[in-house]
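This briefing concerns the fold of one protein chain.

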Amino acid sequence: MKQILLGFSMILFLTSCFESGEEVKKEEENKQTFYLTTLYLVRQSGNCIKTNTSLTSNNQFCSRRPLGVCNVNQLIVTQAEVNVILNEARIIQARTVDCQESILQSGVLSSKATTVANIDSFKSQYTFRVVETCELEGFLEASGTRFANFTEIQWLESVRGKIAKAAKSISANTFLPVANRDRANSCLNLEFKDWEKDLAQGNNDNKILVEIVHP
């Protein structure tokens, strides 16, 4: 019996030794793909609770931000990111002239990199915790509202999202001259897709929420 097992082991060993370089390379690539896929799925799991320790009540906020971004970095803007923001705003302004007022209203042109002092302040003021879901932690949507998913959060906090929200606000403000509202509507129709306009409107109306405060 021992001889049979030894013989079988030798066959497996010799077979592995004669694997082609191509087969070994393919196996390593498959392992790497599996590892990266697993890592991605883990980083995309869970929801995020942000606690503002400077507040004595109503200081917990939950969002669909996943594990991978549930940390202080979500509050930090680098100079490289500021450069991208300003460049994207300039592109939109050059492409759609009627968006100029909405761009100004959005505040994207005043974007600044987070200072070291601000980063230290954020770290002392906020804590972050990953949970399975906001709902299981008692964060519940009111009737007619819902959490924005992570993809929607990314868009709402992007240059396009901020400009679309500003354009929606201008177009709905009856205290503004008709010409201003017409330009905002033109900006929306020329620059943004229907789903972008709907998402911006839903967020402005507090029906699609980036985060919900604990009751």
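Among contacts in the protein chain between residues at least 6 apart in sequence, what percentage join residues at least 24 apart? The share is 71%, where a contact means heavy atoms within 4.5 Å. The model is predicted, so local features need pLDDT of at least 70 and side-chain atom pairs count only at pLDDT 80 or more, while totals for chains, interfaces and linings use all residues. Residues are numbered from 1 along each chain as its sequence is written, and side-chain values use heavy atoms, with hydrogens and water left out.

**Overall composition**

- The protein chain contains 9 helices and 6 strands, taken as DSSP runs numbered from the N terminus (helices H or I, at least four residues; strands E, at least two).
- Of the 215 residues in the protein chain, 31% are buried, that is, under 20% relative accessible area with a 1.4 Å probe, counting protein chains only.
- Carbon and sulfur atoms hold 57% of an accessible surface of about 13,800 Å², computed by the Shrake-Rupley method with a 1.4 Å probe.

- Helix α7 (residues 159-172) and helix α8 (residues 178-191) have axes that come within 8 Å and cross at roughly 145°; axes are lines fitted to C-alpha atoms, for helices over the stretch in contact, and angles run from 0 to 180 degrees between N-to-C directions.
- The crossing of α7 and α8 is left-handed, meaning that the near helix is turned anticlockwise from the far one by less than a right angle.
- On the α7 side, R160, A164, A167, K168, I170 and S171 take part, and they meet N180, R181, A184, N185, C187, L188 and E191 of α8.
- The residues of this contact divide into 6 nonpolar, 3 polar and 4 charged.
- Helix α9 (residues 194-204) has E196, K197, L199, A200, G202 and N203 buried, and their cover includes α6 (150-156), α7, α8 and β5 (208-209).
- After α9 comes N206, with a positive phi near 60°.

- An open sheet of 4 strands has the order β3-β1-β2-β6 with antiparallel pairing; strands pair if DSSP finds at least two bridges between them.
- The edge strands β3 (126-131) and β6 (211-213) each pair on one side only.
- From one strand to the next, the twist averages 25°.
- Strand β1 (residues 47-52) pairs with β3 in the antiparallel sense over 6 bridges, and N52 stands opposite Y126 in β3.
- Helix α5 (residues 116-125) lies across β1 and β3, at about 55° to β3.

Definitions and conventions: Buried means under 20% relative accessible area, exposed over 50%, partly exposed in between (1.4 Å probe, protein chains only). Ala, Val, Leu, Ile, Met, Phe, Trp, Tyr, Cys and Pro count as nonpolar, Asp, Glu, Lys and Arg as charged, and the others, Gly among them, as polar.
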